[in-house]
Amino acid sequence: MKRYVLRRLLQFIPLLLGMTFISFLIIQMAPGDYFTQLQMNPEISPKTIEEMRSRFGLDRPVIVQYFYWLGNILRFNLGESFSYHVPVSFLIWQKLKNTLALSFFSIFFTWLIAIPLGVYAGIREGKWQEKALSFLAYVGISIPSFLIAMLMVFFVARTMVLPVGGTTSVFHLQATGWEKFIDYLRHLLLPGIALTLAGIGGLYRLMKNNFLEAFNSPYITTAYAKGLSSFSVYFRHALRNAINPMITIFGYTLSSVLSGAALVEIVTNWPGMGRLILDAVLSQDLYLVMASLLIGGVLLILGNLIADILIASADPRVRLR
Amino acid sequence: MDKALEIKRLEVSFIPAGKKRVKILRGVNLAIGKQESLALVGESGSGKTITARSVMRILPRSMYLESGEVLIDGTDVRKLTENDLMDMRGRLAGMIFQEPSSYLNPVFTAGSQIEEAIKDSEFNLGSSPLRGEDMVGVKARISRTERKKLVLKMLSEVGLKENVYYQYPHQLSGGMQQRVMIAMALINSPELLIADEPTTALDVTTAYGIIELLKKMMTRYGLSILFITHDISLAANFAQKIAVMYAGKIVETGPARDVFSNPLHPYTERLISCLPERYKTGERIKVIEGHVPDFNALPKGCAFHPRCPYKKEICLYKEPGEITKGTTTVMCFKYG
Amino acid sequence: MKNFLRRLKRTNSLSFYSLWLLVVLYALAILADFISPYPYDLQCREYALCPPTVPHISVPGRKLCGPVVYGIVVVNPAFKEYAFDSSRRYKIRFLVKGPERKIFGLLKTDRYLFGVEEPGKIFLFGTDLHGRDVFSRVLYGARISLSIGIIGVTISFVLGLLVGGISGYFGGRTDTILMRTVEIIMMFPFFYLMLALRAAFPPNLSSIQIYFLIVIILSLIGWASLARIIRGMVLSLKEEEYVLAARSLGISSFRIITRHILPNTLSYTVTALTLSIPGYILGESALSLLGLGIQEPYPSWGNMLSVTVGNLRILTMAPWMLIPGFFIFLTVLAFNFFGDGVRNVTDPKNW
């Protein structure tokens, strides 16, 4: 097990290197750099700009810059943001915690709702309940997440039941810890519900199909033949097999946390990674972009690893080798 | 009641989604006496498995029992409620299947799968060698340790080691898997075992072991067996009686020896003459001409007539009834 | 083809009607010049953010009349408040004359499918911030959103077929290198990669350049998964019994590929392609929504939505600005239904 994890991590290193190198190339492909925009500013002398360029190493060849960046990464130094003049790690942590809060909130509720619905539809396959649910799922899959978010913002702005945008209310400074938490949750609700609604349809369909596949397997016939109740057949024999592929899916969900939430964050004005990376890319804030991509890659690796470990512990046929 | 299983005029229909209903069992009559074994023989698609599943009431969703009676030890399973059915399965009759590897749940250990088949209350079947004297007449729940003890005992009965209890199906060989299935089917000491091609997926030596085990269990438990196979020589070797099935009907029944040595129905005759051990070296392989009929378009009259060498005019429009000739019952106009 | 349609209707009627919906949507996009009552960039500043003018066929106090729209009254220009005056009625006429323009850039004509007489205005979906007709813009925007999916999928498919085919066919080191590349691409968070690629190009390009840039970006991201699928198919088909059987019968490679392998992959590929089109449509919408895609004044469904992002006032005052989003939804839904229908029909198990 330990050896397996270690080996998988080692396998991922070349991928991670390849990915960061490609990102570096893509970003450097863009015309000019962050300081090109500053040149327009007459208050900043060209000399200062040259100084800053050399301070950040932007006057050297791309390859050298890449290894310079890589060397810093190995010393856990993500670099400094050009535009904010603070360490990238600080900036990212500020936003990442909001993105993680949003993602975990929506993952939790997506699964909580979609899994039982999928199982229910699997049991009622062919009946009107299943047909209605499946139609709704189609609709859910087809509505873009940003449209759901927009509709929710519209609805909330009309009714004023929830705050829109940001993480805190005006009274935040005087609030107690508990009140602060509730206030945070209230702000989280709008993007959280939008993201949850966007995810339910797809997960429901996966769960339903898995359940049906398990339920149509021969061992279900055996279970009936030995006189088990329908309850036991559904929830012990079929569900246990249907849930295995979902465990892998769960791992992958973890890995797509950053990408999935970005648009909803921007539309609902939730201060997460989405806005940060959008601005960073637009202003060519090199190290900020690189760090965000790196975190995306690391999350993907962790997600895959978690998926592998979970599935190995759940399915006796799978061995970690 | 002196019959372990009696099937009378059983009809089963298949309703594919959005299509017309098709009758696939067209009045099956069958009887198995106590401690008797009967082999149901026929080509694939003749309705053997459907017959077996009708007994257990585990037909696929698209199939329906239309009419007829299925009596296990005098109880009509068609009249049972859902709860009574659950109680019947396993207690009155157990079933084993063709491919043990896919009929065992891959994510549970062999032991737990046998264990969950154990029925709780009313152990008054003292005749079972499995339970021993102290278990006779015990009612209510069986404790965890008792259950495990029971399973371990059953495992040794079917010739498996104790460690199989903790193993998953994929860690067992095909023969061992089938033994687990047998243990599971017999753990409640039913009087009837339905074996649906239990050896087809196994290689010859393993299959031999399973057949020997079934024979042993039959005498030890006083079992009656409905043995389903497409191999008529295996049927003759294993069972006391043979029933030959063709296109959803039993066309010939009788003592195994008589049917095998002196087949009456043309179809049985063909089945036996096609057996490979009947060939001389250099002879061409024999086959039954024609195809298994399509249930959507069964021929009029006797379903076998398009492939029958003895067909008469009457076979083209009339279905033959049952005719008893000696020890055998046959459905064919050749005998009157 | 006819056979295919009949089977589609029988096995999955919902997907059959989705196909018709798609046909209608594409027809609207192609005929946008002719159908839309106004050019996409015509600004009626005095009617900015005007709500939809609903066609009426009966007038209060009177019986039926032809379809009419009421005159728009500006109540408060600062707060964009409007009212409709039912006493001022403008008949909706068909094939009316208007300013001359070219259809498909070729046909010169001054006829429009429908319109009302000046000074009446017909804004079926209301107007945007600059007083442009949302209905007309939705039709023109459809050209971008609907074509980008098809072109993008085609490019991805060619790339995927090439790389996947080579990888699966040659195997060995080629396979390892190509598949590592694919894995690296698939490792990127999709959204970030899209942004980074977009940022790699200058921000101010012409509309047509940006259009092709978006197609290329989306294809560059999308080909990787297709390549993996195709590689897997090639690998398994190489070992398929019927291919081996055909080979042992001495049938030429060309015939094996065209007669045995391709027909077997076709159904799967067509399904995969249909179902991946929505991804491209959504990708374009997302980029345009963030202001990185199609630039004003040319409309796309995505950039028409972008004014509502982070602007609660516009969103609450003019919910009809979300109509393009509804069209995105409708298109994606139709493609999803249709794709599933194709899968059902082409799956030999369902014949």
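## A buried aspartate in chain B

In this predicted model, B:Asp76 is found in strand E5 of chain B, which spans residues 75–76. B:Asp76 has a relative accessible area of 11%, and because a residue counts as buried under 20%, this aspartate is buried.

The side chain of B:Asp76 has backbone nitrogens around it: a polar atom of that side chain lies 2.9 Å from the backbone nitrogen of B:Arg78, and the backbone nitrogen of B:Val70 lies 3.5 Å from a polar atom of the side chain of B:Asp76.

## One side of helix H3 in chain A

Which residues of helix H3 of chain A are buried? In this helix, which covers residues 46–55, they are A:Ile49, A:Met52 and A:Arg53. These residues cover an arc of only 105° around the axis, and therefore they lie on the same side of H3(A).

Just after H3(A), the backbone of A:Gly57 takes a positive phi of about 75°.

## The interface of chain C and chain A

The size of an interface is often given as the accessible area lost when the parts come together. For chain C and chain A, the area buried between them is about 3,800 Å², with 83% of it on carbon and sulfur atoms. The contact draws on 42 residues from chain C and 45 residues from chain A.

How many salt bridges are counted between chain C and chain A? The count is 1, and a salt bridge is formed where the side chains of A:Arg205 and C:Asp340 meet, at 3.6 Å from N to O. Across the interface of these two chains, 3 residue pairs are found in polar contact, with both residues of each pair at pLDDT 80 or more.

On the side of chain C that touches chain A, the elements giving two or more residues are helix H5 (172–187), helix H6 (190–199), helix H9 (253–289), helix H11 (312–317) and helix H12 (323–346) of chain C. Of these, H12(C) gives the most, with 9 residues. The residues on this side of chain C divide into 33 nonpolar, 6 polar and 3 charged.

Terms used: Residues are numbered from 1 along each chain as its sequence is written. Chains are lettered from A and ligands numbered from 1 in the order in which they are written. This is a predicted model: local features need pLDDT of at least 70, side-chain atom pairs count only at pLDDT 80 or more; totals for chains, interfaces and linings use all residues. Side-chain values use heavy atoms; hydrogens and water are left out. Contact means heavy atoms within 4.5 Å. Buried area is the accessible area (1.4 Å probe) that two parts lose on being put together, summed over both. A salt bridge is a side-chain nitrogen of Lys or Arg within 4 Å of a carboxyl oxygen of Asp or Glu. A polar contact is a pair of N or O atoms within 3.5 Å; within protein, one must be able to donate a hydrogen and the other to accept it, and residues adjacent in sequence count only if both atoms are side-chain atoms. Helices (H or I, at least four residues) and strands (E, at least two) are DSSP runs, numbered from the N terminus. Ala, Val, Leu, Ile, Met, Phe, Trp, Tyr, Cys and Pro count as nonpolar, Asp, Glu, Lys and Arg as charged, and the others, Gly among them, as polar. Buried means under 20% relative accessible area, exposed over 50%, partly exposed in between (1.4 Å probe, protein chains only). The arc is that of the directions from the helix axis to the C-beta atoms.
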